[in-house]
Amino acid sequence: MTLLTGAKVVTPGGVLDPGRVLVRDGLIAQVGRGGLDLDLDLDLDLDLDLGLDPGRAESAERAERVDLTGAWLLPGFVDLHMHGGGGHDVAASAADMAGAVAFHQAHGTTRTLVSLVTAPVARLAEQLGWVAALTAAGPGSDGQVVGAHLEGPFLAAERRGAQPAEHLRRPDRAVFADLEAAAAGALRVLTVAPELPGAAAVVAAALEAGVVAAAGHTDATYAQAGAAFAAGITLTTHVFNGMRPLHHREPGTAGAALDAGVACELINDGVHVHPALLRLVAAEPERLVLVTDAVDAAGAGDGEYVLGGHPVRVRDGQARLVTGGALAGSTLTMDQAVRRAVAAGLPIEVAAAAAATNPARVLGLDDRCGAIAPGLDADLVVLDAELAVTAVMARGRWVGGRGAPRSGGG
Ligand SMILES: [Zn+2]
């Protein structure tokens, strides 16, 4: 058992300041108010609430106590959109995929999808096999990798951004079936341009297979996108980016998404989307989903990289295709996205929900993770007063390479 005390604990019901969280068997066993000075009360509570047998070896007194006074405690982040990090491109090799996952875990991401940019179908099938292996076993096998997000190949050429045009395809049920089979159950999100011929059939196949369908890299009009949301698309891939711009007479996919109330991924790096639109999306807090869309350059510095087979140059943290200059993903980590959201004026509980609770709900994982609440997995991020990550707990274990915060005794 681990007892975390003294932090400002961000829960779905508000911030407990100070709060305490009891972790047992990898789960959040109890959440309440109080710091270290309330030990006596707490032990009483524990005995009552947990029904502890006084003679049992695992008594309240044996809990490792960790004093987090002055820190923030947020739910572990859930990233729906991640292509790489720490110098690792998930499309390069299975080892790089695992490396990117580990990089982001150190920044607070305790659950992630692995996002695959458009590539030849055989190549995507191979990469989906790596995701399936990571989802089932290997580094990050404790449930960190939830599955794959296929960002293509069924995308609109005119809104492809940095996706390689030569490998885009018309939506095709048979191709989708092949990719879905290659993922062996690990395919969780499919981004598709819903206005393309054949898209409706692919979306229907995805929904049948239990895959979340997302609208993205799309030139859909407001009417086309609205029809797609009515037909079961529940997510918008990086809202405002890779879609018809929001215009007051033709609101496009972004306008349709906001109108329909579907979940909206947003790349909050200060480059992809103006903070004013972040606030606008967050006006309905449960629809905002912070994602990184991170590429291998995240955490690896400026320089020359490759995305989808095309050269990318990173300057001042901005990743752009060398040819044409399109934004090529971001160098964000989820902790940065949260910091920027708070700096832009969002309450920290809204930022935490957008980084954890809402994406967990999109994936249907909200009964397992995404919030600091009893019964959920003990996925936790400790941040200092400046919202920099100091420790990460996944399924009750300290991870992330920085180790546990200093223990308050035990
Ligand atoms: Zn992407």
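Student: What do the buried residues of helix 6 pack against, and what makes such a pair a contact?

Tutor: In this predicted model, where residues are numbered from 1 along each chain as its sequence is written, local features need pLDDT of at least 70, side-chain atom pairs count only at pLDDT 80 or more, and totals for chains, interfaces and linings use all residues. Side-chain values use heavy atoms, with hydrogens and water left out. The buried residues of helix 6 pack against strand 14 (212-215), strand 15 (235-236) and helix 7 (252-260), contact meaning heavy atoms within 4.5 Å. Helices (H or I, at least four residues) and strands (E, at least two) are DSSP runs, numbered from the N terminus.

Student: Which residues of helix 6 are buried, and why are they said to line one face?

Tutor: Within helix 6 (residues 222-230), the buried residues are Ala-225, Ala-228 and Phe-229. Seen down the helix axis, they fall within an arc of 100 degrees, and therefore they line one face of helix 6; the arc is taken from the directions that lead from the helix axis to the C-beta atoms. The face turned away from this buried side carries the exposed residues Ala-223 and Ala-230. Buried stands for under 20% relative accessible area, exposed for over 50%, and partly exposed for what lies in between (1.4 Å probe, protein chains only).

Student: What makes a set of residues a nonpolar core, and which members of the largest one touch the most others?

Tutor: The set must consist of buried Ala, Val, Leu, Ile, Met, Phe, Trp, Tyr and Cys residues joined through side-chain atoms within 4.5 Å. The largest such core has 95 residues, of which Leu-74, Val-114, Phe-176, Leu-288 and Leu-290 touch the most other members. Helix 10 (residues 348-362) gives the largest share, eight residues. At least three residues come from each of domain 1 (2-74 + 371-409) and domain 2 (77-362), bounds that come from an automatic or database domain assignment. Apart from this core lies another of 18 residues, among them Ala-7, Ile-28, Ala-391 and Met-393.
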